[in-house]
Amino acid sequence: MTTPRFTALVVGLAAAGTALAVRLVANDYLFSAGYTVLQFVVLASAWNILGGFTGYVNFGSAAFFALGVYSSVVLNNLFPAPVALCVAAGTAVAALVGLGMGYLTLRLRGVFFAIATLAFAQVLLTFVVNWDFVGGARGAYLVLRHGPPPGFRSNAQWLFAVMALMAAGSLALARWVQTSTMGRGLAAIRDDEVAAECAGVPTLRLKLASTALSGGLMGMAGATFPYFLLYVEPGGVFSLSYAVNSIAMPLIGGMHSWAGPLLGALLLGIAQQVLQVTVSADWNLFLVGALLVVFVTVAPEGIVGWARRRRPSEAPP
Amino acid sequence: MSEPLLVARGVTRRFGGFLALDQVDLSVSAGERVGLIGPNGSGKSTLVNCIAGTLRHGAGSIRFDGRDVGGLAPHRRVRLGIARSFQIPRPFASMTVRENLLVPLSYADGSRPRRDRAALADEAMAILRQVGLEAKADRRSGELTQVDMRKLELARAVAARPKLLVSDEAMAGLSSSEMDDIIGILLEMKGRGIAVVLIEHIMRAVVRFSERIAVLVAGRKVADGAPETVLRHPEVERAYLGQ
């Protein structure tokens with residue numbers, strides 16, 4: 001399937017799904033839960049562009065997410081900013097910071113790159129905690145000046161729709177990256193960076209594109225977060241659960257394909273929401289850890305890799 | 001007469017206090033087959049890395065096809081026509097053999113307009129046929145045997161459409177019939193107008209292949225000329241056979 005067709009398909013599905021849900025589902029909780037799951041679809045797809053396609057493990061997802069969150073907070077402190085503007089700003093800021101961080105750290109490989117991203121998240125956290133304009137450690141409130149746009153009965157429904165579109169966009173972008181010439185170059189970098197360079201791949205440029213895209217999408221996911229919670233504070237925004245989940249979801253779903261993060265995010269995200277309601281919120285990360293152990297031992301290439309490997313043996317002789 | 005394809009002049013490279021290359025001159029004409037020999041640690045691989053750009057040289061200059069390439073990143077040099085194979089094969093292990101070739105085919109020739117995927121895949125298959133890997137096109141490259149990995153290294157270098165191929169010990173550890181396969185592939189480069197610099201320890205292969213042999217000893221070039229003269233050179237005999 002060509003990229004424009006696929007994009008039209010996922011965006012169409014997201015729009016149709018949202019329209020149907022708004023019509024049929026009355027319970028606002030389900031929209032909130034759905035928003036959280038879709039947010040993880042975006043984060044996992046974004047992480048996978050750098051982590052799965054390019055082979056650079058980013059432990060700083062929360063930092064890029066936070067860049068989106070605090071871009072919105074800043075804009076809303078200045079004037080009653082519309083959601084679309086905040087999404088654009090959050091994406092741009094996170095993409096630019098991704099580019100800068102990439103430039104500074106991409107010469108590090110493996111564990112060293114991962115540690116640098118972790119450190120970057122801590123630096124940004126410290127910065128936000130001490131920045132009074134965005135509320136510092138106290139956190140920031142966001143006051144909604146308008147109700148949801150016509151056609152939506154509640155704020156949760158409206159944000160769910162926005163997040164569904166962003167998730168569709170992220171999947172389309174991830175799939176485009178994977179299937180394009182760029183994806184082939186990124187895969188070559190992941191397999192062997194020196195050999196890639198010697199095969200004509202402009203490795204630095206591609207890695208920078210990869211960090212910028214990955215960071216930008218994470219910022220995009222964060223931009224609507226203040227509208228969703230109406231109160232954000234650094235401890236929650238920089239929570240370890242974002243970093244862990246955005247790594248665990250592609251790992252469980254499969255890292256070599258755009259479909260992996262989608263499957264992983266749906267599986268883990270929904271399971272976490274169910275656990276949160278039925279058992280307790282504290283079991284979330286336990287579930288992630290347990291599933292990670294299972295998948296790393298049983299299906300190290302994730303659900304997608306496992307399914308691909310099974311297919312030939314299941315084919316009739 | 002116009003300038004040779006590759007002209008390295010006074011190339012010097014230090015690693016800390018160790019002088020790995022000491023003012024090495026090397027020139028290669030278009031389509032020429034040059035053997036580069038020397039004992040272990042004599043600087044052969046360092047010279048390859050400086051020519052390909054994976055290492056920056058210190059003093060001296062490297063000109064290729066009439067322009068100075070000394071400051072260019074490796075991928076830019078590949079696009080100008082310098083391809084290399086690695087001493088220890090470095091396949092893109094998650095890809096199939098065919099996909100390995102699609103990387104240089106899509107990236108290495110910057111001047112060529114982008115062609116459709118079917119044309120690229122055909123071209124990859126044509127190259128694989130020439131090196132005898134067509135039956136394994138859909139295998140994962142990480143699962144190949146040693147000799148097939150060496151062939152893949154060469155095929156991937158050819159897929160970059162080079163004018164110069166630097167082959168870094170493509171035959172180490174192979175049996176003699178496998179070696180003949182590789183030499184056959186390298187000899188075919190002449191037909192494509194590709195100059196080859198062959199770095200090798202196995203003297204039989206070097207003598208059979210080379211029109212000219214250059215000898216590095218301890219970072220200096222001690223001899224350069226026709227194979228029979230070079231091998232009788234006293235310093236070469238001393239380096240290889242001892243006194």
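## Chain B: overall build

In this predicted model, residues 24 or more positions apart account for 66% of the contacts in chain B with a separation of 6 or more. The secondary structure of chain B consists of nine helices and ten strands. Its radius of gyration is 18 Å, close to the 18 Å that the globule rule gives for 243 residues, so chain B is as compact as a globular protein of that length.

Of the 243 residues of chain B, 46% count as buried.

## A strand residue and its surroundings

Ala214(B) provides an example of a buried position in chain B. The residue belongs to strand E9 (residues 212-217) of chain B.

Which residues are in contact with Ala214(B), leaving aside its neighbours within four places in sequence? They are Leu26(B), Val34(B), Leu36(B), Lys221(B) and Asp224(B). For one of these, Asp224(B), the separation from Ala214(B) is ten residues in sequence and 4.1 Å in space, taken from C-alpha to C-alpha.

## Two crossing helices

Two packed helices are described by the angle between their axes and the distance between the axes. In chain B, the axes of H3(B) and helix H4 (residues 117-131) come within 9 Å and cross at roughly 115°. This crossing of H3(B) and H4(B) is right-handed.

On the side of H3(B), the residues that meet H4(B) are Val97(B), Arg98(B), Leu101(B), Leu102(B), Leu105(B) and Ser106(B). Their partners in H4(B) are Leu120(B), Ala121(B), Glu123(B), Ala124(B), Met125(B), Ile127(B) and Leu128(B). By class, the residues of this contact divide into ten nonpolar, one polar and two charged.

## Positive phi angles in two loops

Most residues other than glycine have a negative phi, and most peptide bonds are trans. Against this background, two residues of chain B deserve attention. Arg161(B) is not a glycine, yet it has a positive phi of about 55°. This arginine lies in the loop between helix H5 (146-159) and strand E7 (164-168) of chain B. Because Arg161(B) has 21 C-beta neighbours inside 10 Å, it counts as buried.

Glu169(B), also a residue other than glycine, has a positive phi near 45°. The loop that holds Glu169(B) runs between E7 and helix H6 (176-188) of chain B. Is Glu169(B) buried or partly exposed? With 19 C-beta neighbours inside 10 Å, Glu169(B) counts as partly exposed, because a buried residue needs 20 or more.

## Chain A: overall build

Chain A contains 15 helices and two strands. For its 317 residues, a compact globule would have a radius of gyration near 20 Å, and the 19 Å of chain A agrees with this. The C-alpha trace of chain A spans about 60 × 50 × 40 Å along its principal axes. Of the 317 residues, 49% count as buried. Residues 24 or more positions apart account for 78% of the contacts in chain A with a separation of 6 or more.

The average pLDDT of chain A is 90, and 98% of its residues score at least 70. Over residues 313-317 of chain A, however, the pLDDT is below 50, and this stretch has zero contacts in the model beyond near neighbours in sequence. Where pLDDT is low, the predicted coordinates should not be read in detail.

## A buried glycine in chain A

Gly254(A) is found in the loop between helix H12 (240-253) and helix H13 (259-278) of chain A. This glycine counts as buried because it has 27 C-beta neighbours inside 10 Å.

Apart from neighbours within four places in sequence, Gly254(A) is in contact with Gly260(A), Glu301(A), Gly302(A), Ile303(A), Val304(A) and Gly305(A). Gly254(A) and Pro300(A) are 46 residues apart in sequence and 8.2 Å apart in space, C-alpha to C-alpha.

## Where the chains meet

How many residues of chain B are in contact with chain A? There are 21, and they touch 18 residues of chain A. On the chain B side, the elements that give two or more residues are helix H2 (74-80) and helix H3 (97-107). The largest share, five residues, comes from H3(B). By class, this side of chain B has 13 nonpolar, four polar and four charged residues.

Key: Residues are numbered from 1 along each chain as its sequence is written. Chains are lettered from A and ligands numbered from 1 in the order in which they are written. This is a predicted model: local features need pLDDT of at least 70, side-chain atom pairs count only at pLDDT 80 or more; totals for chains, interfaces and linings use all residues. Helices (H or I, at least four residues) and strands (E, at least two) are DSSP runs, numbered from the N terminus. The radius of gyration is taken over C-alpha atoms; the globule rule is 2.2 Å times the number of residues to the power 0.38. A residue is buried if 20 or more other C-beta atoms lie within 10 Å of its own, exposed if 12 or fewer, and partly exposed in between; C-beta atoms are placed from the backbone. Two residues are in contact if their C-beta atoms, placed from the backbone, lie within 7 Å. pLDDT is the predictor's confidence in each residue, from 0 to 100. Ala, Val, Leu, Ile, Met, Phe, Trp, Tyr, Cys and Pro count as nonpolar, Asp, Glu, Lys and Arg as charged, and the others, Gly among them, as polar. Axes are lines fitted to C-alpha atoms, for helices over the stretch in contact, and angles run from 0 to 180 degrees between N-to-C directions. A crossing is left-handed if the near helix is turned anticlockwise from the far one by less than a right angle, and right-handed if clockwise.
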